[in-house]
There are 2 protein chains.
Amino acid sequence: MPSDDEFMRATWRALCVHGYADLTMQDIADESEKSKAALHYHYGGKQDLLESFLDHVAERFLSRLRDADAAAGPNPDERLGAVVDAAFSPPESDELESTQRALVELKAQAPHQPPFRERIQETDAAFRELLVDIVTAGVETGDFQSDVDPGETAQFVVNALAGAQLRQVSVGEEPTTARRVVEQHLERHVHTDGGASGE
Amino acid sequence: MPSDDEFMRATWRALCVHGYADLTMQDIADESEKSKAALHYHYGGKQDLLESFLDHVAERFLSRLRDADAAAGPNPDERLGAVVDAAFSPPESDELESTQRALVELKAQAPHQPPFRERIQETDAAFRELLVDIVTAGVETGDFQSDVDPGETAQFVVNALAGAQLRQVSVGEEPTTARRVVEQHLERHVHTDGGASGE
């Protein structure tokens with residue numbers, strides 16, 4: 001029995017090659033070891049499969065952030081740095097523009113695909129919540145400035161990441177550019193002097 | 001003879017209704033007073049028409065920003081506020097989510113549509129240049145903080161606007177949220193005390 005992961009990898013590849021507009025179940029089957037019939041047996045149709053795919057992408061994204069957070073230890077400076085680093089450095093770097101394009105195309109369907117929007121909103125809320133937790137902890141420990149609003153800091157980071165994603169696709173700009181601006185903002189506004197970013 | 005503007009309005013409406021993936025020349029003709037033959041006569045095909053459409057959107061966007069800048073007078077605080085206001089407040093507010101979705105879909109084609117990317121890059125460069133001009137002027141007059149880097153400030157604003165556009169489409173967030181974060185950043189980092197934003 002094929003693992004879900006195999007279908008998910010095939011979906012990634014097919015989306016990168018064909019784009020959302022022209023994507024067929026056959027394209028996805030062609031990228032896997034399995035038949036189109038097996039794909040339909042597992043997922044029903046393209047809509048079901050893409051919903052599972054969004055769940056899969058969300059899970060990978062959030063795991064990457066949470067793993068980075070856990071590996072950073074208890075210090076809020078280190079935690080925030082590690083999570084921002086993980087968010088702005090997706091692993092698929094050899095074909096990053098294609099994978100980002102596939103995600104932007106799926107996100108563009110959200111206004112008329114409520115199941116897509118729901119998944120994207122859930123991921124967004126979980127990402128924000130992680131950021132709010134870290135910033136709240138940093139304010140409490142005094143690692144961050146006392147007047148920092150955790151919700152606004154989280155909003156700033158999630159918006160900058162969305163901007164980096166769209167700009168990578170539209171103008172071909174590397175996400176490192178947006179990330180530098182985020183890090184400068186956090187250094188000035190959030191960290192107190194002597195935080196991890198200033199060492 | 002139909003004005004180009006009539007075709008451009010029809011393209012907007014057709015993109016909002018059908019999305020990029022399913023858009024046909026017939027859909028666009030159906031939204032105008034003219035025939036599909038007239039549309040082909042003017043534009044050759046969908047590709048040509050969408051390139052003209054991107055030029056049209058860019059021209060409107062940049063005109064809106066330059067008009068706002070000119071109307072603000074010579075004070076850099078007022079100029080920056082007016083341009084940010086214009087950038088974050090597109091006029092098509094009754095169906096803003098659909099129009100933003102159409103633009104995000106076109107931007108998502110940029111990696112494999114060099115004529116699209118070229119146009120988007122030109123518009124981006126012109127938007128940045130306007131911001132750099134204003135911030136440079138403000139640093140010279142002392143209205144802005146002396147250590148402000150105009151290029152980085154411009155980068156911050158263009159990235160935040162891209163983030164707001166993608167987030168409006170993907171999670172349904174109003175651009176006012178991103179705009180508030182931008183204004184706070186500019187108030188703290190760019191304006192000196194007593195600037196327009198603090199009055």
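This report describes the fold, the helix packing and the chain-to-chain relation in a predicted model.

## Overall architecture

Chain A is built from 9 helices and 0 strands, and its order along the sequence reads α-α-α-α-α-α-α-α-α. The C-alpha trace of chain A extends over about 60 × 35 × 30 Å along its principal axes. Of the 199 residues in chain A, 54% are buried. Among the contacts in chain A with a separation of 6 or more, 69% join residues 24 or more positions apart.

## Relation between the two copies

Chain A can be superposed on chain B by a turn of 180° with a shift of 0.0 Å along the axis, and the RMSD is 0.0 Å. The two copies are thus related as by a two-fold rotation axis. The residue of chain A that comes closest to this rotation axis is A:Gly163, whose C-alpha lies at 1.7 Å. Both copies use the same surface, since 100% of the contact residues of chain A recur in chain B.

| Helix pair | Angle between axes | Axis separation |
|---|---|---|
| α6(A) (residues 96–108) and α8(A) (residues 150–171) | roughly 115° | within 9 Å |
| α7(A) (residues 114–141) and α8(A) | about 135° | 8 Å |
| α5(B) (residues 76–88) and α8(B) | about 25° | 11 Å |

At a crossing angle of roughly 115°, helices α6(A) and α8(A) are therefore roughly perpendicular to each other. Their crossing is left-handed. On the α6(A) side the contact involves A:Leu96, A:Glu97, A:Gln100, A:Arg101, A:Leu103, A:Val104 and A:Lys107, which meet A:Gln165, A:Leu166, A:Gln168 and A:Val169 of α8(A). By class, this contact of α6(A) with α8(A) comprises 5 nonpolar, 3 polar and 3 charged residues.

Helix α7(A) packs on α8(A) at about 135°, and the two helices are therefore oblique to each other. Here the crossing is right-handed. From α7(A), the residues A:Asp124, A:Phe127, A:Arg128, A:Leu131, A:Val132, A:Val135 and A:Thr136 take part; they meet A:Pro150, A:Gly151, A:Thr153, A:Ala154, A:Gln155, A:Val157, A:Val158 and A:Leu161 of α8(A). The contact of α7(A) with α8(A) divides into 9 nonpolar, 4 polar and 2 charged residues.

In chain B, the angle of about 25° between α5(B) and α8(B) makes these helices roughly parallel. Helix α5(B) passes α8(B) in a right-handed crossing. The contact is formed by B:Val84, B:Ala87 and B:Phe88 of α5(B) together with B:Val157, B:Ala160, B:Leu161 and B:Ala164 of α8(B). The contact of α5(B) with α8(B) consists of 7 nonpolar residues, with no polar and no charged ones.

## Individual residues

B:Gln100 belongs to helix α6 of chain B, which covers residues 96–108. With a relative accessible area of 8%, B:Gln100 is buried. Apart from neighbours within four places in sequence, B:Gln100 is in contact with B:Pro90, B:Gln165, B:Gln168 and B:Val169. B:Ala21 lies 79 residues from B:Gln100 in sequence, and their C-alpha atoms are 15 Å apart in space.

B:Ser170 is found in helix α8 of chain B, which covers residues 150–171. Its relative accessible area of 4% places B:Ser170 among the buried residues. Leaving aside neighbours within four places in sequence, B:Ser170 is in contact with A:Lys107, A:Ala110, A:Arg117 and A:Ile120.

A:Val181 lies in helix α9 of chain A, which covers residues 175–189. A:Val181 is likewise buried, with a relative accessible area of 8%. Not counting residues up to four places away in sequence, A:Val181 touches A:Phe156 as well as B:Gln155 and B:Phe156. The C-alpha atoms of A:Val181 and A:Ala160 are separated by 8.7 Å, and these two residues are 21 residues apart along the chain.

Notes
Residues numbered from 1 in each chain as written. Chains lettered and ligands numbered in written order. Predicted model: local features only at pLDDT ≥ 70, side-chain atom pairs only at ≥ 80, totals over all residues. Heavy atoms only, no water. Axes fitted to C-alpha atoms, helices over the stretch in contact; angles between N-to-C directions. Helix = DSSP H or I, 4+ residues; strand = E, 2+ residues; numbered from the N terminus. Parallel < 35°, antiparallel > 145°, perpendicular 65-115°, else oblique. Left-handed = near helix turned anticlockwise from the far one by under 90°. Contact = heavy atoms within 4.5 Å. Nonpolar A, V, L, I, M, F, W, Y, C, P; charged D, E, K, R; others polar. Least-squares fit on C-alpha atoms with pLDDT ≥ 70 in both. Buried < 20%, exposed > 50% of the residue type's maximum accessible area, 1.4 Å probe, protein only.
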